[in-house]
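This briefing sets out selected features of the structure shown below. The points are grouped by topic for a reader with the coordinates at hand.

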Amino acid sequence: KYTEFYKRLYKAILNANQLILQLDDGKDPLYKGEAYFLRAYCYFKLVRIFKVPPLVTGIDVDYSLPKPTFKEVYNLIESDLNNAMALLPGSYSEARKPGYSPHQGTAQALLAEVYLTMAGHPLWETEKYALAAALAEQVIDNKISYNLSLVSEFEELWSGDSVLNSEIVFALFYEEESSFDDHISDISIGYVITNDRHGIGSNFHPEFHFYNRYPSNIRKKITFRTGR
């Protein structure tokens with residue numbers, strides 16, 4: 001499954017590369033901004049799961065690409081997200097397809113997470129903590145125009161009437177009967193958007209300090225699995 005995941009991420013990257021090379025910033029800002037965002041999203045997935053992936057920024061196959069450093073991979077992700085922020089619309093309602101397509105707030109939120117990651121292993125660029133905080137603050141301050149905030153009741157996130165809710169920064173939705181491999185294959189420029197969000201979990205492990213400081217409420221109980 002991870003091999004297929006790797007291949008599908010690169011398929012999305014190649015599609016994004018083609019759009020980035022062909023689209024004009026002035027004539028097609030929405031589509032090009034989305035392409036930059038998606039390429040950054042894919043490389044961020046790759047670098048955290050597979051360490052240093054080959055940096056493919058063109059559409060030609062080159063088997064002699066040198067192995068990049070972590071710094072080079074994160075520099076591309078940072079650059080792509082800054083380009084995305086410059087091209088994407090400034091609010092949720094102005095997005096190409098509100099609720100499904102990214103906007104500036106989506107890119108800001110992802111870049112904040114990227115900076116948090118760069119501040120830790122393996123780069124240890126601790127100055128990125130301040131940049132992450134500044135971007136997160138922008139997202140919070142613009143929560144109304146970005147449509148990003150906590151829902152009043154946690155259970156709403158699993159309600160069929162709440163597929164598009166304000167806690168979703170960026171998501172891909174799939175048919176209920178789709179298999180895990182189908183989910184992977186649908187990661188593409190076109191964003192296959194349907195009506196079910198169930199069945200996909202996360203194996204990321206939070207830092208203990210983060211877990212210990214998390215408010216002791218129903219969200220903590222449902223979100224984290226401790227084994228106890």
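Predicted model: local features only at pLDDT ≥ 70, side-chain atom pairs only at ≥ 80, totals over all residues.

Is arginine 39 buried or exposed? Arginine 39 is buried, its relative accessible area being 6%.

**Salt bridges**

- The count of salt bridges in the structure is 9.
- Aspartate 25 counts as partly exposed, at 40% relative accessibility, whereas lysine 32 counts as buried, at 9%.
- Glutamate 127 and lysine 128 form a salt bridge through their side chains, at 3.8 Å from N to O. Within this pair, glutamate 127 is partly exposed at 48% relative accessibility, while lysine 128 is buried with a relative accessible area of 8%.
- Glu127 and Lys128 also belong to a network of salt bridges that links them with Lys71 and Glu125.

**Nonpolar core**

- The largest nonpolar core contains 39 residues, and the members that touch the most others are Tyr43, Tyr74, Ile77, Leu81 and Val114.
- At least two residues of this core come from each of α1 (2-22), α2, α3, α4 (104-119) and α5 (128-141). Helix α2 supplies the largest share, with 10 residues.
- When neighbours within four places in sequence are left aside, valine 114 is in contact with Phe44, Tyr74, Ile77 and Leu81.

**Cavity and pocket**

- Over the whole structure, 1 cavity of 30 Å³ or more is found. The volume of the largest cavity is about 140 Å³.
- The largest cavity is lined by 16 residues, and those closest to its centre are Tyr92, Gly99, Tyr100, Ile168 and Val169. Its lining comprises 10 nonpolar and 6 polar residues, with no charged residue.
- The lining of the second largest pocket is made up of 10 nonpolar and 5 charged residues, with no polar residue.

**Individual residues**

- Glutamine 108 is located in helix α4 and counts as buried, at 6% relative accessibility. Apart from neighbours within four places in sequence, glutamine 108 is in contact with Met85, Leu135, Gln138, Val139 and Tyr146.
- Isoleucine 222 belongs to helix α9 (residues 218-223) and is partly exposed, with a relative accessible area of 47%.
- Neighbours within four places in sequence aside, isoleucine 222 is in contact with Phe154 and Trp158. From isoleucine 222 to glutamate 155 the C-alpha to C-alpha distance is 9.9 Å, although 67 residues separate the two in sequence.

**Backbone geometry**

- Most peptide bonds are trans, and most residues other than glycine have a negative phi.
- Histidine 121 and proline 122 are joined by a cis peptide bond, with omega at about 5 degrees. Proline 122 is placed in the loop between α4 and α5.
- Lysine 51 has a positive phi, near 70 degrees, and is not a glycine. The residue is in the loop between α2 and α3, where lysine 51 is exposed with a relative accessible area of 59%.
- Asparagine 147, another residue other than glycine, has a positive phi near 55 degrees. Asparagine 147 is in the loop between α6 (143-146) and α7 (180-185) and counts as partly exposed, at 26% relative accessibility.

How values were computed: Residues numbered from 1 in each chain as written. Heavy atoms only, no water. Salt bridge = Lys/Arg side-chain N within 4 Å of Asp/Glu carboxyl O. Buried < 20%, exposed > 50% of the residue type's maximum accessible area, 1.4 Å probe, protein only. Core = buried A, V, L, I, M, F, W, Y, C linked by side-chain atoms within 4.5 Å. Helix = DSSP H or I, 4+ residues; strand = E, 2+ residues; numbered from the N terminus. Contact = heavy atoms within 4.5 Å. Nonpolar A, V, L, I, M, F, W, Y, C, P; charged D, E, K, R; others polar. 1 Å grid on protein atoms, 1.4 Å probe; cavity = no way out; pocket = protein on both sides within 12 Å on 5 of 7 lines; lining within 4 Å. Points joined across faces, edges and corners; volume = space filled by probe spheres on them.
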